[in-house]
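The entries below follow the order of my look-ups.

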Amino acid sequence: MKKIKQNKTVVKAMGEIPQIEIEEDKRNWLNILDQSGNNLKDQMEPYVKSEGPIISYGLNYQGYLTVNILEETEIDDSLINEVYDIFDQEGKKTRYSRNSSCIPILTTI
């Protein structure tokens, strides 16, 4: 995640990408992330354009979810934390979240 954070479009990165060595476990992790994003459509609706500042959100195959915010949006920590909390609650339902803080999220513009 450290290298990813250096990209100038990154606003904030939260959570940690688990180090998974076995290919089948990696696929399972990506499936969990993808399903987590799909499970949150109703909770994310108020934040997604045209209701809110988020353009899109979803799976990145490097092992995290991305949340893309309109570039001209005034971004504050409260917005990012609200969205992160939604994903955090969903992440706590997974078997991978027992040893980590949450599903890793990268917020970008």
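**Ground rules.** The model is predicted, so I noted that local features need pLDDT of at least 70 and side-chain atom pairs count only at pLDDT 80 or more, while totals for chains, interfaces and linings use all residues. Residues are numbered from 1 along each chain as its sequence is written, and side-chain values use heavy atoms, with hydrogens and water left out.

**Fold.** I found four helices and four strands. They are DSSP runs, numbered from the N terminus: helices (H or I) of at least four residues and strands (E) of at least two. Along the sequence the pattern is α-β-α-α-β-β-α-β. I then looked up burial, which means under 20% relative accessible area; exposed is over 50%, and partly exposed lies in between (1.4 Å probe, protein chains only). Of the 109 residues, 44% are buried. I also checked contacts (heavy atoms within 4.5 Å). Among those with a separation of 6 or more, 63% join residues 24 or more positions apart.

**Strand pairing.** Two strands pair if DSSP finds at least two bridges between them. E1 and E4 run antiparallel and share four bridges. Met-14 has Ile-105 as its bridge partner in E4. E3 and E4 run parallel, also with four bridges. Here Val-67 has Thr-107 as its partner in E4. Which residues cover the two sides of E4 (residues 105–108)? I found Ile-105 and Thr-107 on one side, Leu-106 and Thr-108 on the other, all buried.

**Cores.** I looked for nonpolar cores next: sets of buried Ala, Val, Leu, Ile, Met, Phe, Trp, Tyr and Cys residues joined through side-chain atoms within 4.5 Å. The largest has 21 residues, and those with the most contacts inside it include Met-44, Ile-54, Val-83 and Phe-87. Helix H2 (23–39), strand E3 (64–69) and H4 each give two or more residues to this core. H4 gives the most, with six. Another core lies apart from it, with six residues, among them Val-10, Ile-17, Tyr-64 and Leu-106. Val-10 sits in strand E1 (residues 10–14) and is buried at 17%. I also took its C-alpha distance to Thr-66, which is 9.8 Å across 56 residues of chain.

**Salt bridge.** I counted one, taking a side-chain nitrogen of Lys or Arg within 4 Å of a carboxyl oxygen of Asp or Glu. Asp-77 meets Lys-12 at 3.6 Å, N to O. Asp-77 lies in helix H4 (residues 77–91) and Lys-12 in strand E1, so the pair ties together parts 65 residues apart in sequence. Asp-77 is partly exposed at 48%, and Lys-12 is partly exposed at 24%.

**Aromatic pair.** The structure holds one. Rings of Phe, Tyr and Trp (its six-membered ring) pair if their centres lie within 6.5 Å; planes under 30 degrees apart count as stacked, over 60 as edge-to-face and the rest as tilted. Tyr-57 and Phe-87 are edge-to-face, at 5.9 Å centre to centre and 75° between the planes. Why does this pair tie together parts 30 residues apart in sequence? Tyr-57 lies in strand E2 (residues 54–60) and Phe-87 in helix H4. Tyr-57 is partly exposed at 22%, whereas Phe-87 is buried at 0%.
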